[in-house]
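Let's take a walk through this structure together, one region at a time. Please keep the sequence and the 3D view open as you read.

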Amino acid sequence: MAGISSLGIGSGVLNSDLVDQLVAAERKPTENRLNFNQQRAEALISAYGTLRSAITELRLPMRQLSSAENLKAFSGSSSNDAVAISVDSKAASQGSYTVTVDSLAQAQSLASGTFSDRDSTPVGSGSLTISVGDKTATINIDSSNNTLQGIAAAINDAGVGASAGVIDTGNGYRLVLSSENTGVDNAINISVADDDGVNTDVAGLSQLAFDGTTNNLTETVAAKNAIVQINGIEISRATNTIDNAIDGVSLTVTEAGATSLVKVSRDLGKVADRVGAFVEKFNALQQTIKGLSGFNAETGEGSLLSGDSTIRGIQNQLRQIIGRVVPGLENASVRTLSDAGITTDSENGGLEFDRDKFLKQLEANPDDITALFAEQGRTTDDQIEFVRSGVNTTPGSYDINITQAATQGLLAGANVGSGPFTIDAGNDELTFRVDGAVSVSIQLTAGTYTQDQLAAEIQAQLNSNSALSASGKSVNVGVNAQSGALEFRSETYGSESNVSLTAVDTNSSATLGLSVASGTAGVDVQGTINGQRATGDGQLLSVEGTAGAAGMVVKVTGDATGNRGSVNFIEGVADRTVDLITSFLGQDGVLEARTEGLQKELGRIEEERIRLDERISSYRARLVSQFTAADSLIAQLNNTRDYVTQQLAALAPQNNRNNN
């Protein structure tokens, strides 16, 4: 502040130190209030953050328990390490199986004849068409790449599913090719267009032909599928991992000839561990709440959130869910957490877990335990399965009415008699399109078949097709009992389900009754639940709207229409708690609203600090101005005093002389 350094010269009192003291005295009350309010708001934000973290920690174990699959855990065992087992509890069921490994899957390997060198002697020129599985590539061979090394590099660059290299045998060099994947469907097929005009001899590029008819390469390792017997039933897979043979079970086999007893059993202890984790996190939350909102009766002091309506409301809502009888289980063997061995400690509000009691109830009443924690839909019709609820689904019983059952896509051939049927080069290739998405080409094994044997052969070729297996789709092949013709039915249901023939051999129509044709698409299920409109997707019926059964999805099997009974939707403790916690933590939740309010309060405090600085700055300027003016006046008065004093002093000697 200009001139402040000269303050007090006139008076000796109205100096800068006095200004600073007056300014500090003016600032202190407001600044203390703002500091207190800021510290309190920041402490409350931290407290709500601690509460949020504890609530979030509770959500994970509750989310696990809200899934019915996690309440029916399974584990697997194998008596032989050569048959490893992994279990998906969501799909598995209890069972015991004898598994015998007949053969392991292996990738095919081919080798050429011996050449004197790898990178100078021409093999031949023309083109190689290589097919592996559903991949095909044509490779041009000319003077730039017609050596063993050049051909190997060209095959590797083609990305067709086969790798190539050159081996030095000590007596020459051989080109070797290997399928990148195991299984019969991944065998290598090589057809040659040789520039010398002959594609089948052992001269020129045709030395590399291997197409089933002309096999000029040596098969050093045959392509094989893994073959296992499961309870005497033969299973074939392209890899040594056997999936989908047993629901929810994956087997990995490593030794041909091995036999193992494989067991899938319920893992009750794993479920109890999940419940124990919930109890632990719930008790941790109670301790957090106690620390944040507790009151010490002896000292009369309360914690930061003592009496806070937000934390009290959260605690009360959680306790109501934990202690209630689950709606829909009023007459069940297990109605509350207490019935399952989870009780409330009246002294601290925490939970106590009687693990032994829980395990007994889980073993005796698995469905009730599942409904106690997770959502469950109990249907009165065995052909209707509850799939899931929606965020707006209300617990209760709802009637189901079906106006149209879902159907599968179907392709029917023509009746050309009951056989025998001869398969040869004129009718052995068929190409299907399944569900409008997957193209599948198969080649039937040459031979003579009865009608049922022919259907079984086509079925076997479809089942072993890697493209179809990879898509997760499948086709059932049979003989229509009335028409006597072959028919092909998609495994899926609904309007997307269909089977079409897109390519056949020249004689397929005449000898097998199979022509290029589009099948009849399936239809989606239609109906209502609780009278509410529902949308069909295959066999799944989804309820629309925002109330009642809204969001519920059921799977309707069978072909019956009309009244199909009812579904009783039960929302368990864990499922309801997850929804409640999500509402607490969401953008519109109480914690977010409270924290947002405190953040705004901090913003207002900062604005007040700015206004305080402006006011104090103005106050200081006013004091300096006033002190400067006063100091100037005092200086003038002092000057006048000094003048008068001097004048009086000057007159004093004269007065003394006169008196004498």
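What volume does the largest cavity have? Its volume is about 40 Å³. Before looking inside, please note that this is a predicted model, in which local features need pLDDT of at least 70, side-chain atom pairs count only at pLDDT 80 or more, and totals for chains, interfaces and linings use all residues. Residues are numbered from 1 along each chain as its sequence is written, and side-chain values use heavy atoms, with hydrogens and water left out.

Rolling a probe the size of a water molecule over the atoms shows where empty space is left. Here the search runs on a 1 Å grid over the protein atoms alone: a cavity is a set of points where a 1.4 Å probe fits but cannot get out, while a pocket is an open set with protein on both sides within 12 Å along at least five of seven lines, and lining residues have an atom within 4 Å of a point. Grid points are joined across faces, edges and corners, and a volume is the space filled by probe spheres set on the points. The count comes to one cavity of 30 Å³ or more.

The residues lining the largest cavity include Val 416, Phe 421, Gln 451, Leu 454 and Leu 512. By class, this lining has seven nonpolar, three polar and no charged residues (Ala, Val, Leu, Ile, Met, Phe, Trp, Tyr, Cys and Pro count as nonpolar, Asp, Glu, Lys and Arg as charged, and the others, Gly among them, as polar).

Let's stay with Phe 421, which lies in strand β24 (residues 421-423); helices (H or I, at least four residues) and strands (E, at least two) are DSSP runs, numbered from the N terminus. Phe 421 counts as buried because its relative accessibility is 5%, where buried means under 20% relative accessible area, exposed over 50% and partly exposed in between (1.4 Å probe, protein chains only). Leaving aside neighbours within four places in sequence, its contacts (heavy atoms within 4.5 Å) include Val 416, Tyr 449, Leu 454 and Leu 512. The C-alpha atoms of Phe 421 and Tyr 449 are separated by 5.1 Å, although the two residues are 28 apart along the chain.

Of its 64 residues, Leu 51, Ile 55, Phe 278, Phe 358, Leu 372 and Phe 373 touch the most other members. Among the elements that give two or more residues to this core are α1 (16-65), α6 (366-373) and α11 (590-659), and α1 gives the most, with 14 residues. A second, separate core of 28 residues includes Ile 130, Ile 139, Ala 152 and Ile 155.

Ala 152 and Ile 155 are also among the buried residues of helix α2 (residues 148-158). The buried residues of α2 pack against β5 (126-132), β6 (135-141), β7 (162-168) and β8 (173-179).

Helix α6 is largely enclosed by the rest of the structure, because six of its eight residues are buried. Among them are Thr 370 and Phe 373. α6 also supplies at least two residues of the lining of the second largest pocket, which has a volume of about 660 Å³. Of the 23 residues that line this pocket, the closest to its centre are Ala 68, Glu 69, Lys 72, Thr 370 and Glu 375. By class, its lining has seven nonpolar, five polar and 11 charged residues.

Note on methods:
A nonpolar core is a set of buried Ala, Val, Leu, Ile, Met, Phe, Trp, Tyr and Cys residues joined through side-chain atoms within 4.5 Å.
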